Amino acid sequence: MSDKLKAQITAYLRARMPEAGAIEINALSRIHGGASRETFRVRANMENGGERGLIFRRDPVSTLIETERQIEFAAYRSFRDSDVPVPGALFLETETRWLERPFFVMEEVEGGTAASILSADPYGAHAEAIGHQFFSILGRIAVRDVASSDLAKHSEKPAPDKAWMRELAHWEKVIDEDELEPQPIARAAIRWMRRNPPPPAQRISIVHGDYRTGNFLHDGQGRIIAILDWEMAHLGDPLEDLAWALDPLWAHHNPARPAGTISREAGIAGWEKASGLKADAKALQWWSMFASLKGIAIWISSAKEFQSGDNTDPVMAFSGLYCLPYHNKVLADRLVALNAGARS
Amino acid sequence: MKPSPEIVLNHAFAKLAMEVGPALPAGYGQGTVTTTAVSLLMAAQEFNRAADIRARENAAMRALFSETKDFVTGALNEELRAAAASKDRDLMIATLDQGNASLKTVLIALQAHAEEAGSYPLQARILQLLQEFATARQIFLPAT
């Protein structure tokens with residue numbers, strides 16, 4: 001890692017945390033993944049407080065998801081001191097004088113690992129325990145009070161019958177702007193979703209926006225210790241998160257076991273129990289279509305970034321080469337089934 | 001070309017994923033090398049089939065347009081006729097992609113028309129085509 005970055009972070013921490021006394025950086029390394037932000041792990045020795053683990057999330061030159069770091073920071077803050085485990089969000093810096101680009105700083109959650117989506121059995125003997133927590137935590141996110149949350153200050157609250165419309169319009173626009181070639185499956189799905197809107201949201205909730213396997217840390221002993229990657233957080237229909245969590249792309253090669261954990265039915269039941277909400281079958285069907293469409297939009301954007309050379313992180317290529325065809329197949333299968341059902 | 005590009009890419013994948021990556025300290029460098037290796041594996045998979053997939057899709061769409069053009073009127077009829085009669089200049093991937101994009105634009109219009117007209121057989125036919133296209137374009141990765 002560059003000495004320049006190390007010096008910049010040292011200077012920043014000394015200015016931002018004068019109460020810590022002298023500060024030295026013991027270790028600085030970049031974390032792989034998270035193509036929407038550059039993520040750095042910092043071990044800082046503080047005169048008053050000893051060694052401390054910090055995570056710096058810096059805006060990249062180009063990003064997979066065009067999100068405001070303020071939203072992500074506010075989302076983390078919305079769950080501090082709650083029963084949803086998140087790292088502490090410490091500082092948000094929108095000025096570029098420190099690290100050339102805006103960034104925010106979080107406490108490091110130590111002793112955790114995140115699963116790769118290509119792993120066939122990411123949680124081993126702990127799959128059931130992880131699965132129950134995974135869906136239960138999502139249920140608790142769904143019923144977190146919105147009005148008092150930090151996120152409410154940065155994200156517009158849609159009317160319950162308009163949440164789907166706003167999300168669909170947003171991701172359709174992404175496809176319009178970023179597609180490098182026509183997308184007949186995505187276009188057919190969008191038309192179907194407009195013709196068959198879901199029921200109004202039961203409530204407007206904080207939506208994580210990317211709640212899935214790989215976006216949480218677990219301790220290797222069956223315990224989820226941190227929910228990460230809130231960069232697509234917003235206010236909306238909580239079924240959006242549930243459908244995304246259930247999407248087959250995140251099922252570790254076995255769609256019958258979402259997130260590589262428990263059965264789909266058990267996951268939905270756990271979410272309902274924790275939230276007190278209902279996963280209406282018709283509504284969930286709509287949001288499941290939406291989940292795969294949103295995926296397509298994200299993969300299209302990443303493919304465009306890589307193709308243009310704006311962001312040559314191989315994760316962007318992977319998204320376009322693997323995830324985009326995967327979600328196209330999921331959506332095509334769903335459209336065929338729906339069409340057959342409509343005619344029978 | 002020997003070794004074939006597919007073999008070159010597969011061996012490059014193996015070298016990076018199984019030798020270089022594990023030799024690096026865990027973290028950004030190792031993760032980036034491994035993901036790059038997987039990209040090579042996917043490119044290898046696409047190499048052999050890329051022209052075939054595109055040529056088949058283009059032929060299927062032209063056949064569909066040829067069959068349906070007489071049942072559609074107006075501007076879409078003209079588009080269908082022109083698309084049905086179009087040809088790929090050569091078998092370069094870029095050429096096939098260009099033709100594929102033009103044909104898919106017409107396919108989107110035809111499908112929307114079928115939905116508005118309530119033509120279930122045509123809708124089913126197009127969806128079946130799209131499902132076949134999506135199936136053929138899937139990339140398969142080994143579970144780790």
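This note goes through the nonpolar cores, a helix pair and a sheet in a predicted model.

1. The largest nonpolar core holds 117 residues, and those with the most contacts inside it are A:W230, A:Y322 and B:F65. Helix 8 of chain A, which covers residues 281-308, gives the most to this core, with 13 residues. A second, separate core has 20 residues, among them A:I23, A:V42, A:A44 and A:M46.

2. It is worth looking at A:Y322 in detail. Once its neighbours within four places in sequence are set aside, A:Y322 is in contact with A:L118, A:L249 and A:H253 in chain A, and with B:M42, B:I139 and B:L141 in chain B.

3. In chain B, helix 4 (residues 93-117) and helix 5 (residues 120-137) pack at an angle of about 145°, their axes being 9 Å apart, and helix 4 of chain B passes helix 5 of chain B in a left-handed crossing. Residues of helix 4 of chain B including B:L107, B:L110 and B:A114 meet residues of helix 5 of chain B including B:I126, B:L130 and B:F133. Sorted by class, the contact between helix 4 of chain B and helix 5 of chain B has eight nonpolar, three polar and three charged residues.

4. Chain A has an open sheet of five strands in the order 1-2-3-5-4, with antiparallel pairing; the edge strands are strand 1 (23-31) and strand 4 (89-93) of chain A, and the twist from one strand to the next averages 20°.

5. Within that sheet, strand 3 (residues 50-58) and strand 5 (residues 103-107) of chain A pair in the antiparallel sense over five bridges, and A:I55 stands opposite A:M106 in strand 5 of chain A. Helix 2 of chain A (residues 69-78) lies across strand 3, strand 4 and strand 5 of chain A, running at about 160° to strand 4 of chain A.

How values were computed
Residues numbered from 1 in each chain as written. Chains lettered and ligands numbered in written order. Predicted model: local features only at pLDDT ≥ 70, side-chain atom pairs only at ≥ 80, totals over all residues. Heavy atoms only, no water. Core = buried A, V, L, I, M, F, W, Y, C linked by side-chain atoms within 4.5 Å. Buried < 20%, exposed > 50% of the residue type's maximum accessible area, 1.4 Å probe, protein only. Helix = DSSP H or I, 4+ residues; strand = E, 2+ residues; numbered from the N terminus. Contact = heavy atoms within 4.5 Å. Axes fitted to C-alpha atoms, helices over the stretch in contact; angles between N-to-C directions. Left-handed = near helix turned anticlockwise from the far one by under 90°. Nonpolar A, V, L, I, M, F, W, Y, C, P; charged D, E, K, R; others polar. Pairing = 2+ DSSP bridges.
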